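Subject: Structure handover

Hello,

I am passing a structure on to you. Please open it first, then read the notes below it.

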Amino acid sequence: MFGNKKRGGRFNNAISVDQFDFLDQSHEVARLWVEDGGGATCIIQPENLEMPEMYGMLMVDSIRHGARAYAQAQDISEAEALNRIWAGLDAERNRNTTDLDTVQNYQKPD
């Protein structure tokens with residue numbers, strides 16, 4: 001399922017963003033990880049987004065960017081990639097494949 005690309009940093013399979021200077025004024029709000037043949041890990045920092053609706057808007061933007069990335073990487077149309085991403089999202093919304101297991105309860109920063 002996954003390539004063996006080592007990207008460096010603390011986590012060997014992390015996406016390197018060190019080269020993107022435009023992120024200097026940005027706030028990280030989420031990290032998404034998936035294990036080969038296993039589950040997903042989602043780390044969310046809600047204090048960096050004013051309202052839950054903003055997180056939803058960010059997810060839709062992410063899906064649209066994902067469709068463009070898949071279209072380029074897999075030589076398919078952006079519309080096909082987007083439809084397939086939405087199909088996966090709808091499948092998960094209709095029947096969660098895993099239960100949520102909270103690693104740590106969220107605590108507001110001081």
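Start with Phe22. Phe22 counts as exposed, because its relative accessibility is 63%. The cut-offs are these: buried is under 20% relative accessible area, exposed is over 50%, and partly exposed is in between (1.4 Å probe, protein chains only).

Before the rest, some ground rules. This is a predicted model, in which local features need pLDDT of at least 70 and side-chain atom pairs count only at pLDDT 80 or more, while totals for chains, interfaces and linings use all residues. Residues are numbered from 1 along each chain as its sequence is written, and side-chain values use heavy atoms, with hydrogens and water left out.

What does Phe22 pair with? A search of the whole structure finds 1 aromatic pair. Phe20 and Phe22 form that pair. Their ring centres are 5.3 Å apart, and the planes sit at 40° to each other, so the pair is called tilted. The rule covers rings of Phe, Tyr and Trp (its six-membered ring) with centres within 6.5 Å; planes under 30 degrees apart count as stacked, over 60 as edge-to-face and the rest as tilted.

Phe20 is partly exposed, because its relative accessibility is 32%. Phe20 is found in the segment before β1, which spans 30-34.

Areas come from the Shrake-Rupley method with a 1.4 Å probe; for residues, only the protein chains shown count as cover.

**The chain as a whole**

The chain has 2 helices and 2 strands. Along the sequence they follow the pattern β-β-α-α. Helices (H or I, at least four residues) and strands (E, at least two) are DSSP runs, numbered from the N terminus.

Buried residues make up 7% of the 110 residues. The accessible surface comes to about 10,100 Å². Carbon and sulfur atoms account for 51% of that surface. Now the contacts, meaning heavy atoms within 4.5 Å. Among contacts between residues at least 6 apart in sequence, 19% join residues at least 24 apart.

**Salt bridges**

How many salt bridges are there? The count comes to 4. Each is a side-chain nitrogen of Lys or Arg within 4 Å of a carboxyl oxygen of Asp or Glu. Side chains of opposite charge can pair when their charged atoms come close. Here are some of them.

- Arg31 and Glu28 meet at 2.8 Å, N to O. Arg31 is partly exposed, because its relative accessible area is 35%. Glu28 is partly exposed too, at 49%.
- Arg64 and Asp61 meet at 3.7 Å, N to O. Both lie in helix α1 (residues 52-74), 3 residues apart, about one turn of the helix. Arg64 is exposed at 51%, whereas Asp61 is partly exposed at 36%.
- Glu80 and Arg84 have their closest N and O atoms 3.4 Å apart. Both lie in helix α2 (residues 78-94), 4 residues apart, about one turn of the helix. Glu80 is partly exposed at 35%, whereas Arg84 is exposed at 51%.

**Loops**

Asp75 is in the loop between α1 and α2. Its phi is near 50°, a positive value in a residue other than glycine. Most residues other than glycine have a negative phi. Asp75 is exposed, because its relative accessible area is 71%.

Pro46 lies in the loop between β2 and α1. Pro46 counts as partly exposed, at 39% relative accessibility. The C-alpha atoms of Pro46 and Ala30 are separated by 8.5 Å, and the two residues are 16 apart along the chain.

**Confidence**

The predictor's confidence in each residue is its pLDDT, from 0 to 100. The chain averages 85, and 85% of the residues score at least 70. Among the elements, α1 has the highest mean pLDDT (96). Strand β2 (residues 40-44) has the lowest, at 86. Where pLDDT is low, the predicted coordinates should not be read in detail.

Best wishes
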